[in-house]
Amino acid sequence: MAQQKATNITWHEATVTVDDREKLLNQKGCVIWFTGLSGSGKSTLANAVEQVLHHQRHHTYVLDGDNVRHGLNKNLGFSPEDREENIRRIGEVAKLFSDAGTIVMTAFISPYRTDRDQARALIAEDRFVEVFVDCPLDVCEERDTKGLYKKARAGEIKEFTGISAPYEPPLEPELTVNTAALSIEECAHAVVETLVKIGLVPAGN
């Protein structure tokens, strides 16, 4: 858990409220947290969901694991401690997006349940949708265009999730999609239907 180092700070409330922003956008700010092994299809699915929601005139943003590590989290590696800090920062950024009324999607392996639970705890109740992108390890390896699994099995990449580092699947996600059995379009439809069911976006757009 990160410690608060600054002491002479005060939280400032905004005069434009979350409700104001959500009425303007005709949606509820929320976090769709995609988790799964490397190669399971998290980023592809997050972008497919964003395309559907954008077509329905919703305000969205995708936080992608690799992209964030190019900037905000460029000083973090893949040790358990750095993975924890990586997800902590993403949780805080996702919270800001959610407060802005945006539907934000995060596509990170986020292998540890504790870290995902801490991210959930930051977000308002019923505004955090955990999506387990379930895909067998062998299929993820077959899809591996970067050759990361091959390098991990050869010992060239240390602490690689699913090979030399653990992945803890969600116990009670809001949704599980199997990208080995369903198309990305079918998975994206299931995600959007879940958002409608929960009441985060209106039906029939």
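Predicted model: local features only at pLDDT ≥ 70, side-chain atom pairs only at ≥ 80, totals over all residues.
**Helix H4 and two helix pairs**

The axes of H4 and H5 come within 9 Å of each other and cross at roughly 20°. Angles under 35 degrees count as roughly parallel, so H4 is roughly parallel to H5. The crossing of H4 past H5 is right-handed.

Sorted by class, the contact of H4 with H5 has five charged, three nonpolar and two polar residues.

Now H4 by itself. This helix covers residues 80-99, which is 20 residues. From its first C-alpha to its last, H4 reaches 29 Å, close to the 28 Å expected at 1.5 Å a residue. Buried in H4 are Arg 83, Glu 85, Asn 86, Ile 87, Arg 89, Ile 90, Gly 91, Ala 94 and Ser 98.

Helix H2, residues 42-55, and helix H8, residues 184-198, have axes that come within 9 Å and cross at roughly 60°. H2 and H8 are therefore oblique to each other. H2 passes H8 in a right-handed crossing. From H2, the contact uses Thr 44, Leu 45, Ala 48, Val 49, Val 52 and Leu 53; from H8, it uses Ile 184, Cys 187, Ala 188, Val 191, Val 192 and Leu 195. By class, the contact of H2 with H8 has 11 nonpolar residues, one polar and no charged ones.

Last, two loop residues. Asn 26 sits in the loop between helix H1 (18-25) and S1. Its phi is near 55°, a positive value in a residue other than glycine. Is Asn 26 buried, exposed or partly exposed? With a relative accessible area of 49%, Asn 26 is partly exposed.

Asp 126 is found in the loop between H5 and strand S4 (128-134). Here phi is near 70°, again positive in a residue other than glycine. Asp 126 counts as exposed, at 56% relative accessibility.

Definitions and conventions:
Residues numbered from 1 in each chain as written. Heavy atoms only, no water. Helix = DSSP H or I, 4+ residues; strand = E, 2+ residues; numbered from the N terminus. Expected span 1.5 Å × (residues − 1). Buried < 20%, exposed > 50% of the residue type's maximum accessible area, 1.4 Å probe, protein only. Axes fitted to C-alpha atoms, helices over the stretch in contact; angles between N-to-C directions. Parallel < 35°, antiparallel > 145°, perpendicular 65-115°, else oblique. Left-handed = near helix turned anticlockwise from the far one by under 90°. Nonpolar A, V, L, I, M, F, W, Y, C, P; charged D, E, K, R; others polar. Contact = heavy atoms within 4.5 Å.
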